[in-house]
Amino acid sequence: MTQHQRLLIIDFGSQVTQLIARRLRELNVFCEIRPYQTVTEATIQEMAPKAVILSGGPDSVTREGSPRAPQALFDMGLPIFGICYGQQVMMEQLGGKVEAGHHAEYGRAYVSPADGHTKDSIFAGLFEAGNEQVWMSHGDRVTQLAPGFEVIGVSPNAPLAMVADEARKFYAVQFHPEVHHTPNGAKMLENFVKMAGFTGDWTMASYKDEAIRIIREQVGDKKVICGLSGGVDSSVAAVLIHEAIGDQLTCVFVDHGLLRLNEAEEVVTMFRDTYKIPLIHADEADLFLGELEGVSDPEVKRKTIGRLFIDVFQKYANGIEGAEFLAQGTLYPDVIESVSFTGGPSVTIKSHHNVGGLPEKMGLKLVEPLRELFKDEVRALGRELGLPDKFIGRHPFPGPGLAIRCPGEITREKLDILRKADAVYIDQIRKHGLYDEIWQAFAAILPMRTVGVMGDGRTYDYALAIRAVTSVDGMTADTYPFTHEFLGETMTRIINEVKGVNRVFYDLTSKPPGTIELE
Ligand code: XMP
């Protein structure tokens with residue numbers, strides 16, 4: 001647990017609660033999101049936050065049994081900021097009235113200060129260019145203010161867009177200040193945390209020192225095993241833990257033979273030689289490729305790789321005597337997703353596999369030093385730990401590796417061609433200075449051969465797809481708009497430099513309807 005000033009976000013299940021946390025961390029404020037079901041007076045006391053934010057949510061406070069904050073929260077003397085559903089919860093629990101909406105309001109709206117309120121603390125630096133654009137998304141509306149509150153901001157359709165009880169430092173807004181479409185929303189949150197007395201004491205350097213202290217405390221003199229994939233998350237976790245406990249850490253790098261060109265060697269060199277971290281290189285390519293022989297169904301591929309990964313990891317882990325802890329690079333978004341508001345099963349598009357998914361039945365206690373961080377914060381921590389920028393900035397690479405970039409049957413020949421072609425393609429992107437603009441770029445080898453002509457001869461070789469997308473989080477993605485010159489040059493290089501390929505396609509599909517990976 002961090003010793004920094006902390007802010008508690010009570011989550012009522014909004015799609016954008018994570019964005020509140022993100023905005024706060026950008027302000028160097030440490031915060032923790034807790035689902036409303038898990039928050040009691042005792043948890044708040046134990047957490048000792050300096051302020052509380054009540055998130056939005058899909059429910060209606062007019063429905064019987066709908067979510068509430070612990071009533072005691074409002075008497076603890078803490079500044080509170082309610083957003084959307086959070087505003088309604090505050091009004092309802094503090095003696096105001098909320099009615100089911102007759103006209104729901106979604107999308108862009110403009111808020112202006114209510115008479116005489118332009119200089120209120122929460123408004124500092126706002127309304128300088130007139131009204132503020134905000135993003136509304138709500139069905140119900142507050143029809144009667146709770147005692148002590150007054151209206152401080154209005155919009156044409158929301159006469160109670162912003163309300164406040166300045167004496168208690170209670171603020172509540174009907175819109176979402178945390179989203180992009182409320183351009184100055186972050187400023188409102190900044191004003192709030194300043195008024196709540198936050199000094200912005202959360203930095204990556206202090207986070208690192210504290211994470212190290214916590215790991216030492218948790219692990220004592222016991223041994224830790226870390227499943228290393230070569231990706232950023234597990235690598236940052238490993239280097240951090242190594243800094244904390246040195247050789248009490250052993251990394252197991254399961255090499256399934258589906259990695260990119262020279263990747264396995266690079267991982268081994270970096271960890272063993274540069275960082276001097278004890279590393280077991282489990283070279284199990286024969287096992288994985290053997291079991292994958294003749295398999296072309298994407299889900300069977302994914303499940304086979306996931307199952308073998310666990311078997312192999314367990315086999316090597318069993319050989320490390322006295323290990324009591326398993327380290328994982330679990331991130332904050334993973335933690336939140338695993339306690340989702342609805343808990344409802346969503347449709348499985350793909351069975352995901354990564355080193356974070358090792359089974360509980362291994363009987364090891366977990367060390368998860370990144371579980372409070374977002375992806376970009378993990379990168380910042382990696383830099384703080386001295387990991388090279390080139391490594392930190394690498395595009396994501398999926399757990400099942402090249403298997404899902406080789407639709408249809410996987411063969412060693414195809415993997416070999418794919419590795420070389422992918423390396424040429426990425427080299428092209430780096431040479432043109434485009435790597436950091438792209439979320440993910442890779443080549444895939446298609447399950448077909450086509451006829452071509454090279455020199456004076458006929459060829460009958462593999463066709464390759466190249467893909468590049470921009471994305472914020474991998475959930476949706478746009479195709480990267482390469483120029484024709486770039487694509488033409490890349491095609492020529494791939495076909496000239498990689499034997500076995502005589503045709504290159506550029507994948508134009510965004511996500512949705514496509515997914516980023518081909519399988
Ligand atoms: P899709 O293909 O679902 O991918 O659009 C979204 C993002 O997730 C990555 N990905 C995976 N990562 N294990 C992982 O660790 C997996 O099984 C897996 N499948 C896809 C993909 O590369 C993209 O960044």
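**Entry: what I am looking at.** I keep in mind that this is a predicted model.

**Entry: the faces of α7.** Which residues of α7 are buried? I listed Glu263, Ala264, Val267, Val268, Met270 and Phe271. Looking down the axis of α7, I saw these buried residues fall within an arc of 165°, so they line one face of the helix. Glu265 and Thr274 are exposed on the other side.

**Entry: neighbours of α7.** I then asked what the buried residues of α7 pack against, and noted β12 (223–228), α6 (232–245), β13 (249–255), β14 (279–283) and α12 (389–392). After α7 comes lysine 276, with a positive phi near 55°.

**Entry: the sheet.** I traced an open sheet of five strands with parallel pairing, in the order β14-β13-β12-β15-β16. β14 and β16 (365–367) are at the edges with a single partner strand each, so one side of each has no neighbour in the sheet. From one strand to the next, the twist averages 30°.

**Entry: a closer look at one pair.** β12 and β15 (residues 323–327) run parallel and are joined by four bridges. Here I found valine 224 opposite phenylalanine 325 of β15.

**Entry: helices on the sheet.** α7 touches β12, β13 and β14, and its direction makes about 165° with that of β14. Helix α5 (residues 204–219) lies across β12, β15 and β16, and runs at about 165° to β16.

Conventions. Residues are numbered from 1 along each chain as its sequence is written. This is a predicted model: local features need pLDDT of at least 70, side-chain atom pairs count only at pLDDT 80 or more; totals for chains, interfaces and linings use all residues. Side-chain values use heavy atoms; hydrogens and water are left out. Buried means under 20% relative accessible area, exposed over 50%, partly exposed in between (1.4 Å probe, protein chains only). Helices (H or I, at least four residues) and strands (E, at least two) are DSSP runs, numbered from the N terminus. The arc is that of the directions from the helix axis to the C-beta atoms. Contact means heavy atoms within 4.5 Å. Two strands pair if DSSP finds at least two bridges between them. Axes are lines fitted to C-alpha atoms, for helices over the stretch in contact, and angles run from 0 to 180 degrees between N-to-C directions.
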